[in-house]
Amino acid sequence: REEVAPKAGSRDAGNKDAGKDAGKWAGGKAMAQSRGETEARREVPPEFSQALLGLADALLREEARRAESDKASRRSLIESLFSHACAAPAMQALLTSLPAESPQFDALVRALLHWPEPTEEASQSTPKAHPGKKQQRPAPSVLSAKTVDHIRALCRDSAGSRAVESIVSCAPQWWRPLFLRAFKDDLADMAAHPLANFVVQAL
């Protein structure tokens, strides 16, 4: 294909100049990073973690309030935020920043994926944790066909696949049986799907 020189003032010419400026900026950034490597990284203040937990609590309270006042609503607040073009990245960042064993992480994920709460039988059959170790919550033994269809549809959605990928990447190990049940007999199709394949890679 024949190359055509960009005209002065054209969009291509502007992009070329912008590329030069970006190169200079990147070079300066690399120098700043090399200087920063010798400095000790600052620890995240504990107040930040508490603020994230508080934000998750506020979202869950609003979710419960809306569910009580508008029982006919087809989509929950959490689902709407995860599918919103602007809110979705913030919700994904919130999920990956929360402790995986926290009740807030558990509640947010269950609200998005429609996962049931563990049954009383499963709670009683869960082995007790050793001293000094966190008690693991049991996973439900059965997922309804409606829940499985919902999760698989999320994996094939642009925003939903990113959310499920984030969940799979940072969820506790004892959640794995749920993922296996949800994706059973569908992994091959998911692996070939342009969006769902990212979830499979995160497993």
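Helices and strands here are DSSP runs (H or I over at least four residues for helices, E over at least two for strands), numbered from the N terminus.

## Model and overall make-up

This is a predicted model, in which local features need pLDDT of at least 70 and side-chain atom pairs count only at pLDDT 80 or more, while totals for chains, interfaces and linings use all residues. Residues are numbered from 1 along each chain as its sequence is written, and side-chain values use heavy atoms, with hydrogens and water left out.

The chain has 11 helices and 0 strands. Of its 203 residues, 31% are buried, where buried means under 20% relative accessible area, exposed means over 50%, and partly exposed lies in between (1.4 Å probe, protein chains only). A contact requires heavy atoms within 4.5 Å. Among contacts between residues at least 6 apart in sequence, 65% join residues at least 24 apart.

## Helix α5

Helix α5 spans residues 103-113, and 9 of its 11 residues are buried. Among them are Phe-105, Asp-106, Arg-110 and Leu-113. The buried residues of α5 pack against α2, α3, α4 (87-97), α7 (145-155) and α8. Just after α5, His-114 has a positive phi of about 65°.

Two packed helices are described by the angle between their axes and the distance between the axes. The axes are lines fitted to C-alpha atoms, for helices over the stretch in contact, and angles run from 0 to 180 degrees between N-to-C directions. Angles under 35 degrees count as roughly parallel, over 145 as roughly antiparallel, 65 to 115 as roughly perpendicular, and the rest as oblique. A crossing is left-handed if the near helix is turned anticlockwise from the far one by less than a right angle, and right-handed if clockwise.

α2 and α5 pack at about 40°, with axes 10 Å apart; they are therefore oblique to each other. Their crossing is left-handed. In this contact, Leu-53, Ala-56, Asp-57, Leu-60 and Glu-63 of α2 meet Gln-104, Ala-107, Leu-108 and Ala-111 of α5. By class, the contact has 6 nonpolar, 1 polar and 2 charged residues. Ala, Val, Leu, Ile, Met, Phe, Trp, Tyr, Cys and Pro count as nonpolar, Asp, Glu, Lys and Arg as charged, and the others, Gly among them, as polar.

Helix α8 (residues 158-170) packs with α5 at an angle of about 140°, the axes being 12 Å apart. This pair is therefore also oblique, and the crossing of α5 and α8 is left-handed. Phe-105, Val-109, Leu-112 and Leu-113 in α5 meet Ala-163, Val-164, Ile-167 and Cys-170 in α8. The residues of this contact are 8 nonpolar, no polar and no charged.

## Two buried loop residues

Ser-76 sits in the loop between α2 (46-69) and α3 (77-83). Ser-76 counts as buried because its relative accessible area is 16%. Its side chain makes polar contacts (N or O atoms within 3.5 Å; within protein, one able to donate a hydrogen and the other to accept it, with residues adjacent in sequence counting only if both atoms are side-chain atoms). The partners are the side chains of Glu-63, at 3.3 Å, and Glu-79, at 3.2 Å. Not counting residues up to four places away in sequence, Ser-76 touches Glu-63 and Ala-111.

Leu-98 lies in the loop between α4 and α5 and is buried, with a relative accessible area of 5%. Leaving aside neighbours within four places in sequence, Leu-98 contacts Leu-52, Leu-53, Ala-56, Gln-104, Phe-105 and Leu-108. Leu-98 and Leu-52 are 46 residues apart in sequence and 7.0 Å apart in space, C-alpha to C-alpha.
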